Amino acid sequence: MAENLNGDGSDRKAVLRSQQSLIVLAVMVAVVGAVVGTSAAVGSAMIAFAVPGILGGGCGLLICRAVGTRGNAAIRVAYSVLLVIGLLALTAFFSVRAGRTGPDIGLGGVLMLGLLTGLPGAFGTGAIIWTRRRGRIAR
């Protein structure tokens, strides 16, 4: 199989766009959370979950710039690994947290790790899959 279906570094471009989209989406969620937050508890949760999206998107951009020079295979591996780490951390958080009603501050780091790695991994992997499918359809 060819290194790149389109021959123009489209995986890197798609991942960069996806990470920028993640940052924009997270900022929009934070703004909506700030507006809603004055009258509902949902607003503070929206802000709390938007911060890892902003930070994760920024880290995703840095990873794409660092790994992007090594080719599309390196980008695919990097973002797949990020997605797996994020999913494992979120699975660990929710399985340990199951049945508890009170806040558990000790598990907050696991949740943040899951969000900081899972969001950029999901957006990057989704962009790679979308780009590669679109490339196959165009052929």
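How many residues does helix 2 have, and how far does helix 2 reach from its first C-alpha to its last?

Modeller: Happy to! Please keep in mind that this is a predicted model. Helix 2 spans residues 41–67, which makes 27 residues. From its first C-alpha to its last, helix 2 reaches 39 Å, close to the 39 Å expected at 1.5 Å a residue. Several of its residues are buried, including Gly43, Pro52, Gly56, Gly60 and Cys64.

The C-alpha atoms of Cys64 and Gly124 are separated by 9.1 Å, although the two residues are 60 residues apart along the chain. Gly124 lies in helix 4, which covers residues 108–138. With a relative accessible area of 0%, Gly124 is buried. Leaving aside residues up to four places away in sequence, Gly124 touches Val15, Ser18, Gln19 and Tyr79.

Three of those names bring us to a meeting of two other helices. Val15 and Gln19 belong to helix 1, and together with Asp11 and Arg12 they meet Asn72, Ile75, Arg76 and Tyr79 of helix 3. The residues of this contact divide into three nonpolar, two polar and three charged. Helix 1 (residues 10–36) and helix 3 (residues 72–97) pack at an angle of about 35°, and their axes are 9 Å apart.

Side chains of opposite charge can pair when their charged atoms come close. In one of them, Arg76 pairs with Asp11, and the closest N and O atoms are 3.0 Å apart. Arg76 lies in helix 3 and Asp11 in helix 1, so this pair ties together parts that are 65 residues apart in sequence. Arg76 is partly exposed, with a relative accessible area of 22%, whereas Asp11 is buried, at 0%.

Asp11 also forms a salt bridge with Arg132, where the closest N and O atoms are 3.5 Å apart. This pair links distant parts of the chain, with Arg132 in helix 4 and Asp11 in helix 1, 121 residues apart. Both Arg132 and Asp11 are buried.

Stepping back, the protein has four helices and zero strands. Of its 139 residues, 35% are buried. Among contacts with a separation of 6 or more, 76% are between residues 24 or more positions apart.

Note on methods:
Residues numbered from 1 in each chain as written. Predicted model: local features only at pLDDT ≥ 70, side-chain atom pairs only at ≥ 80, totals over all residues. Heavy atoms only, no water. Expected span 1.5 Å × (residues − 1). Buried < 20%, exposed > 50% of the residue type's maximum accessible area, 1.4 Å probe, protein only. Axes fitted to C-alpha atoms, helices over the stretch in contact; angles between N-to-C directions. Contact = heavy atoms within 4.5 Å. Nonpolar A, V, L, I, M, F, W, Y, C, P; charged D, E, K, R; others polar. Salt bridge = Lys/Arg side-chain N within 4 Å of Asp/Glu carboxyl O.
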